[in-house]
Amino acid sequence: MDGAAILAGLQRRFGADLVETHDHGGDHTAVVARAALPRLLAYCRNELPLAFDVLMDLTAVDYLTYSGREDGPRFEVVYHLYSIVHNHRLRVKVRVDEDDAVVPSAVPLWPIANWFEREVWDMFGVRFSGHPDLRRLLMYEEFVGHPLRKDYPIDRRQPLIGPTV
Amino acid sequence: MADTTRREFMLGEGSGTGSGSQNLHVGMGPAHPAMHGIIRILTELDGEVIVRADVEIGYLHRAFEKECEAGGWNNAIPYTDRLNYVSPLINNFGYCSAVEKLLGIDVTERCKYIRVIMSEISRICDHLTCIGASAMELGAFTVFLYMIKAREYLWELVEDVTGARLTISYGRVGGVKADLPDGFAEKTLRALKETREVLDEVHRLLTGNRIFTDRMVGVGALSREETIAYAITGPMLRAAGVSYDVRRAQPYYVYDRLEFEIPTQKAGDNYARYLVRMAEMEQSIRIVEQGLAMIPGGPVNVDFEGRPIDPAAYVDRGKQGKTDGLLLVPLTLSPNLQGQQRAASERINADDKRVILPPKENTYGSIEGLMNHFMLIMEGYGIRPPQGEAYFPVEGANGELGFYVVSDGGDRPYRVRCRPPCLPPMAALHRMVEGEMIADLVPTFGSVNMIGGELDR
């Protein structure tokens with residue numbers, strides 16, 4: 001199915017829960033309200049004409065200093081879906097505020113979300129509700145802060161934690 | 001613990017440790033000879049059988065994504081070299097293509113062919129390293145030496161083209177650093193012939209070898225469904241029977257004009273992965289051969305008429321206003337800049353002043369060229385893609401390598417995300433090794449072909 005048809009189908013099904021759609025550079029994108037995210041992802045995965053069986057990537061963007069978006073929700077969690085059967089792609093995004101940075105976990109749908117979500121938690125401090133094991137993935141346990149946030153200075157040094165005596 | 005005898009402590013039995021046997025926790029890594037790169041696998045063993053495994057990564061985290069945000073768009077290219085450091089060219093091109101998508105520019109035909117040829121050479125290097133290293137861990141040291149020998153021929157080609165072996169930084173947004181050197185086609189064909197012979201030898205040494213097959217067949221298997229659910233791509237997915245390859249499914253550059261097969265296997269075990277990688281190298285060789293035959297402009301042979309002058313004299317003449325006809329005079333470039341002469345530059349780079357540095361003749365010889373150069377190099381200027389986002393997938397050696405770039409219209413990337421192809425298999429590694437012997441952890445881990453630079457970024 002081509003991207004425009006996918007977006008039109010989602011629009012019919014989810015109506016007002018679909019905040020925005022666009023296709024910049026041929027990447028069809030749906031921005032969805034957080035409450036509808038689990039339903040939309042499950043629909044994308046299970047509905048046969050869509051059959052997005054691969055969660056290719058899951059990441060986040062911090063829009064704190066993005067010109068024109070300083071006042072909007074700070075984080076955007078980005079899902080890149082791919083369907084092996086139909087050979088089509090879709091990008092799904094959900095926006096969350098800093099003081100309520102929680103997104104429903106996608107682990108029940110795709111087990112790979114486990115590590116991707118751990119990385120987003122590690123790097124951005126966005127929590128995933130229902131995640132079975134939300135530990136840091138790349139940084140160490142004692143690390144303070146979330147390094148890919150725009151307000152984390154690139155040159156901040158933290159003491160490396162030695163062996164406990 | 002005072003009343004625990006050594007035997008009780010070691011075997012986990014007897015009065016000192018409670019009654020009966022208990023599982024033993026063994027950590028492999030971070031510094032373990034079979035853990036290429038640095039990674040820690042915590043295993044819980046019942047005898048020799050792995051009951052549970054937990055994979056801990058991040059030991060090679062270098063803040064790739066954060067560093068990319070700190071410099072200009074082209075400044076990220078050297079960082080991408082260090083992602084998958086066995087096939088760095090593919091990373092270069094993947095990142096450049098993502099930014100080109102954001103800018104909406106198309107690279108020249110010749111550049112597309114160069115990218116395809118260099119990507120496939122890198123893919124062969126990567127598979128050679130993977131198979132060679134896994135075979136060595138199973139005791140087949142000869143295979144390792146043979147394969148590294150073949151890789152050496154190929155890395156010499158890479159060195160000829162890029163000037164470096166590992167940290168190549170050859171891609172540029174809108175093109176590549178330099179054109180192919182003289183005699184590249186002949187040298188490549190010779191190297192490919194050598195590589196074919198090595199592959200043939202390795203086939204005879206390993207494919208039917210009892211010691212090798214006993215350790216590989218049926219080991220580390222992952223079902224087709226689970227492979228897909230874990231978003232595993234590349235040779236591991238194809239070994240499980242799914243013929244997904246970005247080069248075929250969503251062709252980029254000129255892959256849709258080239259003939260090649262997507263090798264697949266059914267079993268999804270280590271042996272199937274080995275067979276897929278061996279077959280893929282053969283296909284990559286075919287692609288390079290076709291690419292060399294089809295590349296427009298033929299073998300590069302830049303031949304200027306007239307007397308070349310050196311850059312310092314060129315700049316002096318420009319400064320003195322003696323610019324009449326200056327742009328037509330060829331320039332002797334330093335070896336570092338070989339392949340960037342005006343004629344070559346036009347062949348390999350997109351025609352877009354917002355992105356591409358002018359050829360050195362123009363920079364040294366005309367005020368327009370100099371301004372153009374400064375506008376791309378100076379702090380606060382440079383490439384400025386419009387606001388937006390783009391995701392560009394390429395087929396890396398281990399699977400789909402995707403770059404997701406976000407621009408806020410500035411001269412620096414707002415966000416660069418690399419989708420590392422070896423992260424999903426590492427996330428699924430515990431599923432592959434649980435229930436198997438601890439000795440099988442090594443070949444299974446080898447078949448994943450984890451590259452620390454890419455996994456931890």
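In chain B of this predicted model, B:L89, B:I90 and B:F93 of helix α4(B) meet B:R115, B:M118, B:S119 and B:S122 of helix α5(B); two residues are in contact if their C-beta atoms, placed from the backbone, lie within 7 Å. Helices (DSSP runs of H or I, at least four residues) and strands (runs of E, at least two) are numbered from the N terminus. The axes of α4 (residues 88-103) and α5 of chain B come within 7 Å and cross at roughly 140°. Axes are lines fitted to C-alpha atoms, for helices over the stretch in contact, and angles run from 0 to 180 degrees between N-to-C directions. Angles under 35 degrees count as roughly parallel, over 145 as roughly antiparallel, 65 to 115 as roughly perpendicular and the rest as oblique. The helices α4(B) and α5(B) are therefore oblique to each other.

Residues are numbered from 1 along each chain as its sequence is written, while chains are lettered from A and ligands numbered from 1 in the order in which they are written. As the model is predicted, local features need pLDDT of at least 70 and side-chain atom pairs count only at pLDDT 80 or more, whereas totals for chains, interfaces and linings use all residues.

Chain B has 20 helices and 8 strands. Of its 457 residues, 50% are buried. A residue is buried if 20 or more other C-beta atoms lie within 10 Å of its own, exposed if 12 or fewer, and partly exposed in between, with C-beta atoms placed from the backbone. Of the contacts in chain B between residues at least 6 apart in sequence, 68% join residues at least 24 apart.

Chain B is assigned domain 1 (64-299 + 391-456) and domain 2 (311-377), with bounds from an automatic or database domain assignment. The C-alpha centres of the two domains of chain B lie 35 Å apart. Contacts between them involve 16 residues of domain 1 and 11 residues of domain 2. On the side of domain 1 that touches domain 2, α5 and β5 (175-176) of chain B each supply at least two residues. Helix α5(B) gives the most to this side, with 3 residues.

The largest nonpolar core holds 170 residues. A nonpolar core is a set of buried Ala, Val, Leu, Ile, Met, Phe, Trp, Tyr and Cys residues joined through C-beta atoms within 7 Å. The members that touch the most other members are A:L55, A:I112, A:V126 and B:M426. Helix α5 (residues 109-137) of chain B provides the largest share of this core, 13 residues. At least three residues of the core come from each of domain 1 and domain 2 of chain B. Apart from residues up to four places away in sequence, B:M426 touches B:V55, B:I57, B:V448, B:M450 and B:L455.

Chain A contains 3 helices and 7 strands, arranged along the sequence as α-β-β-α-β-β-β-β-α-β. Buried residues form 39% of its 165 residues. Its C-alpha atoms fill a box of roughly 60 × 35 × 25 Å along the principal axes.

Five strands of chain A form an open sheet, in the order β1-β2-β5-β4-β3 and with mixed pairing; two strands pair if DSSP finds at least two bridges between them. Strands β1 (18-22) and β3 (54-62) of chain A stand at the edges with a single partner strand each, so one side of each is left without a neighbour in the sheet. From one strand to the next, the twist averages 20°. Strand β1(A) runs antiparallel to β2 (residues 29-32) of chain A, and 4 bridges join them. In this pair, A:T21 stands opposite A:A30 of β2(A). Helix α1 (residues 3-14) of chain A packs on the sheet, touching β1, β2 and β5 (88-96) of chain A, and its direction makes about 165° with that of β1(A). Helix α3 (residues 113-124) of chain A also packs on the sheet, touching β3 and β4 (75-83) of chain A, and its direction makes about 10° with that of β3(A).

Strand β2 of chain A includes A:V32. This residue, A:V32, counts as buried because it has 23 C-beta neighbours inside 10 Å. Beyond its neighbours within four places in sequence, A:V32 is in contact with A:F14, A:D17, A:L18, A:V19, A:L37, A:L40, A:V92 and A:V94.

Between the chains, 28 residues of chain A are in contact with 34 residues of chain B. On the side of chain A that touches chain B, β3, β4 and α3 of chain A each supply at least two residues. The largest share of that side, 6 residues, comes from β3(A).
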